[in-house]
Amino acid sequence: MAEAIATQKIAVTVNGVKYEREVNVRTLLVDFVRRELGFTGTHIGCEQGVCGACTILLDGEAVRSCLTLAVQANGRAISTIEGMGSPEKLHPIQQAFMENHGLQCGFCTSGFVMTVSAFLNDNPDPTDYEIREALSGNLCRCTGYQNIIKSVKAAADKLNQTEPVS
Ligand code: FES
Ligand code: FES
């Protein structure tokens, strides 16, 4: 006899929009946002909490969605890269990454942007050391990191000159 699949109904807000879904209790949050809700800007890299590609915000805190179950997000607010800006109007962090060549292939970038978003919210005027420490859990195979550090400094300057977008 087939084993019964345990499911649970969850309600989440993603980028300001409410969703209710019945999910397998073992579904990972990264699979939920990508496959169930279609927010494929959140990437899957290592699937074991090492690379940071899957970073999203849960109630404003950066989390690895590959290490989080979808049911743990029940009743909470999720932010993904799709909520940060649009091609027509980039978020200041995205703009800073573009202007400072903080990306090459872009696979890691959504994870970096979400990490930086939470970081600059907590620490709007960071030192270089604090930036490096904050980014130490995000891996990039392309850039060599120097331009990412520059991008974060530029993003901090932009955000300190303007009202936060989100
Ligand atoms: S895919 Fe989640 S940390 Fe690498
Ligand atoms: S830009 Fe390619 S992995 Fe970071």
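Val12 sits across from Tyr19 of strand 2. Strands here are DSSP runs of E with at least two residues, helices are runs of H or I with at least four residues, and both are numbered from the N terminus. The model is predicted: local features need pLDDT of at least 70, side-chain atom pairs count only at pLDDT 80 or more, and totals for chains, interfaces and linings use all residues. Residues are numbered from 1 along each chain as its sequence is written, chains are lettered from A and ligands numbered from 1 in the order in which they are written, and side-chain values use heavy atoms, without hydrogens and water.

Start with the hairpin. Strand 1 and strand 2 run antiparallel, joined by eight bridges. Two strands count as paired if DSSP finds at least two bridges between them. Two residues separate strand 1 from strand 2 in this hairpin, and Asn15 in the turn has a positive phi of about 50°.

Strand 3 (residues 55-58) pairs with strand 4 in the antiparallel sense, over four bridges. There, Leu58 stands opposite Glu61 of strand 4.

Contact means heavy atoms within 4.5 Å.

Return to Tyr19. Which residue forms an aromatic pair with Tyr19? By the pairing rule, rings of Phe, Tyr and Trp (its six-membered ring) pair if their centres lie within 6.5 Å; planes under 30 degrees apart are stacked, over 60 edge-to-face, and the rest tilted. The count by this rule is one aromatic pair. Phe39 is the partner of Tyr19, edge-to-face, at 6.1 Å centre to centre and 90° between the planes. Tyr19 lies in strand 2 and Phe39 in the loop between helix 1 and strand 3, so the pair ties together parts 20 residues apart in sequence. Both Tyr19 and Phe39 are buried. Buried means under 20% relative accessible area, exposed over 50%, and partly exposed in between (1.4 Å probe, protein chains only).

Ser65 belongs to the loop between strand 4 and strand 5. Ser65 is buried, at a relative accessible area of 0%. Leaving aside neighbours within four places in sequence, Ser65 contacts Leu28, Leu29, Val30, Thr42, Cys54 and Ile56.

Finally, helix 5. Its 16 residues (146-161) should span 22 Å at 1.5 Å a residue, and the end C-alpha atoms agree at 23 Å apart. The expected span is 1.5 Å times one less than the number of residues. Buried residues of helix 5 include Ile149 and Val152. The buried residues of this helix pack against helix 2 (92-99), helix 3 (109-122) and helix 4 (128-134). Ile131 lies in helix 4 and is buried, at 0% relative accessible area. Not counting residues up to four places away in sequence, Ile131 touches Phe119, Pro126, Ile149, Val152 and Lys153.
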